[in-house]
Amino acid sequence: MSVALTSADIARALTRISHEILERNGGSNNLVLLGIPTRGAHLAHRIGTIIQSIESKAVPVGTLDITLHRDDLRLRPPRALMPTKIPTAGIEGKDVVLIDDVFFSGRTIRAALDALGEIGRPRTVQLAVLVDRGHRELPIRADYVGKNLPTSLDQSVKVHLTEIDSVDEVLIGIAGNS
Amino acid sequence: MKHLLSINDLNESEAIAILDTATELARVSDAPMKKLPTLRGRTIVNLFAEDSTRTRISFEAAAKRLSADVINFSAKGSSVSKGESLKDTAQTLQAMGADAVIIRHQASGAAHRLATSKWMSGTVINAGDGTHEHPSQALLDAYTLRKHLMQGAKNLQGLHVAIVGDILHSRVARSNVLLLSKLGATVSVVAPPTLLPVGIESWNANVSYDFDELIPNVDAIMMLRVQSERMSELYFPNAREYSRYFGLNSDRVKRMKKESIIMHPGPMNRGLEITADVADSARSVIIEQVSNGVSVRMAILYTLLTGEGIESGALA
């Protein structure tokens, strides 16, 4: 597999996304960041840290597991559930930014929107992704994209983050050939 | 894994995965919106040929929180009381398109028969078969033990659990001995010799006739109901003598370890195997076992009913 984004590329992309989120929302006052486990959750915490250093004020960061809302549960073996941690202030009336690592079919985000709807009614929901690899199957788009990575369907995109994989990188290659 | 008939259907990591899933699902029970779309459009039949309060209601609540359609079927008031056989009942359920059948039956092995007979193609979950097994009860007991005593550890390594009372007739005891020992706990069964099954020495448990000796050493005491409805002979001289030797009363509770807990699968015979003040005391987690039962049964349904569109093992 070849490296599509290096550690420095990822850091720059996250910094840019953080600035874009602040610019679009006019600051961090009404923001809530929700990462989709596993790697989206780590990205959410990183973006939270960057925003905090820019605004010198903490922004609520949480996680949202969407497994139980997936539409492919019958087609795949049971998946382990990951924690959902909604910040104590909740999401009612907030500007929620969903954060995930790879944006592909859009089905994860559809499930995330369903899951959010059960928790409350945010003022807006936005989407930030590290990599957009295309091939959407649903009318869903991202508001903040780290890198557009045109791929073919038989390619696979792997995001590694130091929190779990000991290295920061995005790899691209032929599926099943790692 | 398609069916849950016995704890032996699970290895250690599968059992831990169910407990972990239950931990995440427990937050659904705490949320204001207690419903998930996970099993929408699936039909689950509660086939209860024997009386039950907790297990049936708890499976029903679990299935409904996952948006499945639930059909309750009890032997009383159905054609089973006219003498319809399990085979005919099963074929009727199959014809109605049941995706899963949760079966409670007075005959040991009924769930296994249903799962292996080809009378129906759905998932079979054993909710208690005669004096054989009750796997969902064991899983909820393990969940309760882990939550109270293991401080974040995944298994039950190092715990010592006493199971006390009518071991002979207890499917709860058999399933618990299998599961708790699988998860690393030490299990002691305590009962008068007449209430121990033949072959108890082959169980993965210590056998004791002296409850008092064991009390200061255990982390949890699980009291079992004296199952009078299954007792056609005399197993102990009288209720008072049974209570004196094998009942849990406040004097015995005083000698328990500080952090230890008291469990009972219900229904309780207050005054026989457990006194009322002990059952309602702060150490007792009996009511909590019931609420944990819903989360654990949601986890069981989730594990068995998702991914059934694929052949098991087809995807890693």
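This is a predicted model: local features need pLDDT of at least 70, side-chain atom pairs count only at pLDDT 80 or more; totals for chains, interfaces and linings use all residues.

A: Residues are numbered from 1 along each chain as its sequence is written, while chains are lettered from A and ligands numbered from 1 in the order in which they are written.

Start with chain A. Its open sheet has five strands, ordered β3-β2-β4-β5-β6, with parallel pairing. Strands are DSSP runs of E with at least two residues; helices are runs of H or I with at least four; both are numbered from the N terminus. Two strands pair if DSSP finds at least two bridges between them. At the edges sit β3 (61-63) and β6 (144-148) of chain A, each pairing on one side only. Direction ignored, neighbouring strands are turned by 25° against each other on average. Angles run from 0 to 180 degrees between N-to-C directions, with axes fitted to C-alpha atoms, for helices over the stretch in contact.

Strand β2 (residues 31-35) of chain A joins β3(A) through three bridges, in the parallel sense. There, G35(A) stands opposite T63(A).

Two helices pack here. Helix α2 (residues 39-55) of chain A touches β2, β3, β4 (95-103) and β5 (124-132) of chain A. Its direction makes about 150° with that of β2(A). Helix α3 (residues 107-119) of chain A lies across β4 and β5 of chain A, at about 155° to β4(A). Contact requires C-beta atoms, placed from the backbone, within 7 Å.

Compare a strand in chain B. Strand β3 (residues 100-105) of chain B has six of its six residues buried, so it is largely enclosed by the rest of the structure. Buried requires 20 or more other C-beta atoms within 10 Å of a residue's own, these atoms being placed from the backbone; exposed is 12 or fewer, partly exposed in between. A100(B), I102(B) and R104(B) point one way; V101(B), I103(B) and H105(B) point the other.

β3(B) has parallel partners. Strand β1 (residues 43-48) of chain B pairs with β3(B) over five bridges, where L47(B) has I103(B) as its bridge partner. Strand β4 (residues 123-129) of chain B also pairs with β3(B) over five bridges, with A100(B) opposite T123(B).
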